[in-house]
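Subject: Handing over the structure

Dear colleague,

Please read the notes with the structure open beside you.

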Amino acid sequence: MLLSALLMSVGINSCLCVLFFILYSVLRKQPHNYEVFLPRRLADGTSKRRRNKVARYIPSVKWIWKSWRPSEKELMESSGLDGVVFMRMITFSLKVFLFAGIIGVFVLLPVNCFGDQLTVIDYADWSANSLDLFSVANLKIRSQWLWVHFGAIYLVTAFVCCLLYFEFRYIALKRIEHFYSSKPQPEQFTILVRNIPSTDGSSVSDTVDRFFGENHFSTYLSHVVIHRTSKLRSVVDKAKKLYKQVKHKKPVKKKPMRFFSRRDTPEGHYENVLQEMEQNIRLGQAEVSAPGKEVRAAFVSFKSRYGAATALHMPQSINPTYWLTEPAPEPHDVHWPFFSASFMQKWLAKILVVFACLLLTILFLVPVVLVQGLTNLPALEFMFPFLTLILSMKVVSQIITGYLPSLILQTSLKVVPPIMEFLSSIQGHICHSDIQKSACNKVIWFTIWNVFFATVFSGSAFYKLSVILDPKEIPVKLAVAVPAQASFFIAYVVTTGWTDTLTELFRVVPFMVSYIKRSFEPSDDNEFVVPPMRYHRDTPRVLFFGLLGITYFFLAPLILPFILLYFCLAYIIYRNQVCMTHIFYSFRFSPCRLSTQLRFGMQFMNVYAPKFDTGGMFWPMIHYTMIFSLVLMQAIAIGLFALKKMELATYLLVPLPVCTLLFNEFCRKRFMPIFTAYPAEVLTKRDKEDRNDPRMPEFYNNLVSAYQDPALLPLRFSGSGSRNDSLTSPLLSSSEV
């Protein structure tokens, strides 16, 4: 790839950056776009769809410095610890590549440029030079300048490991601080108990109550037995959807809905439809709640956090297959379909997920092979001779080799996160946060394998398999293959990296959907849902660019300025998306009118609302991915120095990956226990504080029903003329439906 193709890609994407920033600064001010660019503010209920008509069309960059203003404490209050961890990941990467960029651009890049292994640099026409001239491939075998790269590898490894240690320690302490500062939460006092043994003549509820009343008599509070409600839940969801359509006077498909009843519903009488469905739902709730219909699992609550932790970590029975315990998720985070599946269904689902991931990996080789074909113009001319005249045009060849391959790969990757999220949802996780973490982990390794390794080893599938089956040759083969793809990954960072961050700012898909919906029907503020942060989509993307930067910082230092610029864009844009703005500076909000629906108090975010909070559990995944990136870089360096006949440097680099793995094991032993469970001194301290809290009796009363299945809660869709008895009196008002 020539430098001219890279410069063209940089020029195109720089123009896109400027255009997107201008469009965003104008479109975000339009009242009908608030639900796309400012949904969190609109959901608060205090924002008004009005602005000065002239100011609405004047581009402004005030949103950039406003996104810089909130402190980390304010971010914690609005987005939880997960939002802090995500932003710390970006600032960590900025620190790493600022340090590596100084070494790479001002030390390694000049050393590479003045090598003479390849052709001499054409100083008269810089754009005609190959990008390989700026890489380590331009240094001769046994060149003494390679010792500069050797020192840079040790320096960057030491710097990254020091940062990882301090970040891991900081997040661990933040996790404890977050626990101390949070109000009592149901999941802190509750555990999930599975494999409850059957007892003749006793229901599951009686068995649980008797067992924990006898063995945890001083701390046991209550329990909620779980039922299989998947069929009932689907009908409740249909009823809620129909209710919303009728409430907002939308066209409804005239199709009678049946559940436990075979009576046809007269068309057009939706009030009667809702009354009938309401009665059918009650019959369904009574059926699934009948004795013998329970799942042999229950949420068990305790009077103290320490009591819940004791029951969680202590074996409950002589038979280790009974009374299995695990932490309870947040009540709104529970993935209720998990409990409706049988053991055989869960086991088959796990096998299906493995085969589905393998199939997706194989199918994804098609766009990878297509991308590699586009980067090889001679091969294209050989396979398609009729394209020779078109490919000989300089502009066309630059677009095909520099911009189009990355664009195809980026488009193909868009479908991966939703697929992985679906596969994780059927894998047997009890909460949505675990589904997100599992999907995030799958997307990370899928991206590393299919984008990095499949692109690097761009030969046949048999060649890729031979690389795996001969592990002794992996460093050498990586040292040959990875530098050869440096130009492609530089273009990939410029095109895919920059474009992804801009589409995140512009929210292209929600914007298009909102525009199409407005074309057919008027917008309603009560209909839209504030989007949650998709960690399984954004975290792997950021980590992959971190892997590219660490891997190529000594091979092709030219990639570092583009990586650094990517993280600068990501920092600004994600601060805008996930950080809050004080109400005193936006939309003229009045503090006394602030809605009480927000979870985190007097501040709010622009776009994303936290759907759950794992307490920073994404950081270990980030840490391990960075360790893998370091070890991969060191393995490539060992192979490179072996190819360059630098025997002493090769031997001196061998201990580096070993030390990196030992450092990782030290961090795992030192900090992971805090992420696994809270220490006893932390739990007992909070329990002692709660003894003097006058709000605890009310909390315990709410805790009894906190884990009630939403499908079993009474609903009322009909009018006020309904009978006010135990069946019709709603626990969930129509505003909550």
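This is a predicted model: local features need pLDDT of at least 70, side-chain atom pairs count only at pLDDT 80 or more; totals for chains, interfaces and linings use all residues.

V513 is found in helix α23 (residues 508–520), where helices (H or I, at least four residues) and strands (E, at least two) are DSSP runs numbered from the N terminus. V513 is partly exposed, with a relative accessible area of 43%; here buried means under 20% relative accessible area, exposed over 50%, and partly exposed in between, with a 1.4 Å probe and protein chains only.

Residues are numbered from 1 along each chain as its sequence is written, and side-chain values use heavy atoms, with hydrogens and water left out.

For the protein as a whole, the secondary structure comes to 30 helices and six strands, and buried residues make up 52% of the 737 residues. Among contacts (heavy atoms within 4.5 Å) between residues at least 6 apart in sequence, 83% join residues at least 24 apart.

The unreviewed UniProt entry annotates several spans as "transmembrane region", among them residues 6–27 and 85–109; its positions are given in the numbering used here, feature names are shortened, and annotations may be inferred rather than shown by experiment. In the model, residues 6–27 are 100% helix and 0% strand, with end C-alpha atoms 31 Å apart, and residues 85–109 are likewise 100% helix and 0% strand, with end C-alpha atoms 33 Å apart.

Two packed helices are described by the angle between their axes and the distance between the axes. Helix α10 (residues 305–313) and helix α29 (residues 680–691) pack at an angle of about 145°, with their axes 8 Å apart; the axes are lines fitted to C-alpha atoms over the stretch in contact, and angles run from 0 to 180 degrees between N-to-C directions. The contact is made by R305, Y306 and A309 of α10 and by A680, L683, T684, R686, D687 and D690 of α29.

Within α29, V682, L683, R686, D687 and D690 are buried. Seen down the axis of α29, these buried residues fall within an arc of 130°, so they line one face of the helix, the arc being that of the directions from the helix axis to the C-beta atoms. What covers them includes α6 (146–181), α10 and α30 (696–703), whereas E681, K688 and R691, on the other side of α29, are exposed.

Helix α7 (residues 204–215) has 12 residues, which at 1.5 Å a residue should span 16 Å, and its end C-alpha atoms are 17 Å apart, which agrees; the expected span is 1.5 Å times one less than the number of residues. In α7, V204, T207, V208, F211 and F212 are buried, and they fall within an arc of 110° seen down the axis, so they line one face of the helix. The cover over the buried residues of α7 includes β1 (190–194), β2 (220–227) and β3 (294–302).

Finally, two loop residues deserve a mention. N195, in the loop between β1 and α7, has a phi near 55°, a positive value in a residue other than glycine, and N195 counts as partly exposed at 36% relative accessibility. R142, in the loop between α5 (72–113) and α6, has a phi near 60°, also a positive value in a residue other than glycine.
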